[in-house]
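Subject: Structure handover

Hello,

Here is the structure I promised you. Please open it beside this email and follow along.

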Amino acid sequence: MRIVFLTAVWATLPFPLIASEVLIGRSAGWASLHLLSGTTLRVPSDSGETVIGGNRISFEEKSQQVLMLDEDSYRPDTNTDLLLHFDRKNEVNGGYYRLMEDGAHYPRTERKFGPGAALFRKTENEIALVPEASSLLYPDTLWSDFTIEFWLRPQYLEQGETILLWQSSRQIEKEIAAQEIQVYVSGRSLTWRFDNIFLPPGNGPLSIEIEGRTPLVPEQWHHHSLCFNAKTGMLLYQVDGKDEAIRYITATGQEGSSVFLPYIGGPEAEPLRLGTGYTGFLDELRISKSLIEKSHLKPYPLKRGTAETIPIDLGGKHARVVSIEADSSIEGMSRIGYFYRQSDTKSDYEELEGAWKPFVPGMPFPVESKGRFLQLRFEFFPDSTGSKSPMLSEVHILYEQDPPPVPPSLINVVPEDGSLTISWNAVSAHDLSGYLLLYGTAPDDYRGSSAHEGISPINVGENTSITLTGLENGTLYFFRIAAFDNDDPQRPGPLSREVYGRPTQNNTQGRP
């Protein structure tokens, strides 16, 4: 938040300047925000985007930040076995896997969720993760429900390109048999193969394949999900939320018979490899120990996100907001709702009391809305499909402070022996708190200190006259008066016209 000072009061006294605008966002930054719910700060750039905040706000590169809805990306929970956002190199976002190798690229030129996605280039690079205890791929683990899902944007869709690969072994009867999970390109669609993973009665060998029916298109994003229902044995493959293939891993191959559950053998934890022999992008990979038949496929949830500022100090009581401008980008049917509340006081919790009132950026504010503190609330709504978010870059607040009292008029100076009595007409002001008397022995120089009543300026209170004593007869004294209001700190108004007087010995002095 940046406050710009435009108008100064008289500089002979230590009173503050009066501000007329406040900037939030862009070059001023977003430090005034204290509450984010469902919104995030993001830094756009030529090479993609970098998420700076969420509910954890950072203010680096503040000149580039925009405020927008928080993407509905996956978040770790108790059923998360592995979670990779692919937003940056060498990062695992949740689950029970240790990163062994990250040879992928992160160019920030393509993404589905978040600021980036992983780019693989055939056999040049891959990601390898070692399963740890409690993971699904740890040795001697019997699975129940599970879901494997990811976003894929292939470059070529060449036969045999492998997206996901895990290889190990387990004992089948008295033999050691290879175990393998592989997701690969076959006939321009994906095939999921499970060799000796599902455990049939008698512990014999079993190979399971499930294939997509719809040909994929290069350089297009699609969501792929495979889920297993341990109660029914259903293995369901979906692309973009639509059923592609279904199999029942049961004794009869139909629903209603005994289910074959997945089992991981192997004496050691073998790594899970991603992108081996694949060219293209991969984003938001999640393995869950639960059945997820309906994944969220749109970037933004169809609900409101909010952001609130701390109370913004406008510098004085009864300040009036003239207008608030907002630099925003609205796409489709997305929108931003703007609300405010204003008060002369705030709570210990940095809040203002009262209901939020709507306003329209660029329109005049209600004249009756006044107060030293202003608090703003922004409500963000996605478009009807959840694919677009509104963005807010800057908020510009124009306001006027309540003017200080006008100067007193009709000032009269009566000379006496060693003193002067100064009186004036009372000032009419709703927030008048008192008067200041400035005096000195030269025009426009009010640094007087000889009066018994104090050095200049003297706080007269709400009185409209004062007698200065201890003055030197024959010396010319100059005066100006200013009224001040009840702000904290108090503000003086303009100075009155200058008047003067000369203390004179009483003519009757010495008479019998």
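Start at L199, which stands opposite L261 in β22. This is a predicted model, so treat each detail below as computed. L199 belongs to β17 (198-199). Strand β22 covers residues 261-264. Two bridges join β17 to β22, and the two strands run antiparallel.

Now widen the view. Which strands make up this open sheet, and in what order? There are three, in the order β12-β22-β17, with antiparallel pairing. β12 (141-142) and β17 stand at the edges. Each of them has a single partner strand, so one side of each is left without a neighbour in the sheet.

Next, go to strand β13, residues 146-154. Is β13 buried or exposed? Nine of its nine residues are buried, so β13 is largely enclosed by the rest of the structure. Here, buried means under 20% relative accessible area.

Look at the two faces of β13 in turn. In a regular strand the side chains alternate between the two faces of the sheet. On one side of β13 you will find F146, I148, F150, L152 and P154.

- Strand β19 (residues 222-228) pairs with β13 in the antiparallel sense, over seven bridges. Within β19, F228 is the bridge partner of F146.
- Strand β24 (residues 278-288) pairs with β13 in the antiparallel sense, also over seven bridges. Within β24, F281 is the bridge partner of R153.

Now step back to the whole chain. How many helices and strands does the protein chain have? It has zero helices and 38 strands.

The overall shape comes next. The C-alpha atoms fill a box of roughly 140 × 40 × 40 Å, taken along the principal axes. The radius of gyration is 38 Å, whereas a compact globule of 512 residues would have one near 24 Å.

Then the inside and the surface. Buried residues make up 50% of the 512 residues. Take the contacts with a separation of 6 or more: residues 24 or more positions apart account for 69% of them. The protein chain exposes about 23,700 Å², and carbon and sulfur atoms supply 49% of that area.

Last, the charges. The protein chain has 46 positive and 67 negative side chains. The centres of the two sets lie 2 Å apart.

Best wishes

Technical notes
Residues are numbered from 1 along each chain as its sequence is written. This is a predicted model: local features need pLDDT of at least 70, side-chain atom pairs count only at pLDDT 80 or more; totals for chains, interfaces and linings use all residues. Side-chain values use heavy atoms; hydrogens and water are left out. Helices (H or I, at least four residues) and strands (E, at least two) are DSSP runs, numbered from the N terminus. The radius of gyration is taken over C-alpha atoms; the globule rule is 2.2 Å times the number of residues to the power 0.38. Buried means under 20% relative accessible area, exposed over 50%, partly exposed in between (1.4 Å probe, protein chains only). Contact means heavy atoms within 4.5 Å. Accessible areas come from the Shrake-Rupley method with a 1.4 Å probe; for residues, only the protein chains shown count as cover. Lys and Arg count as positive and Asp and Glu as negative; His and the chain ends are not counted. The place of a charge is taken as NZ of Lys, CZ of Arg, CG of Asp or CD of Glu. Two strands pair if DSSP finds at least two bridges between them.
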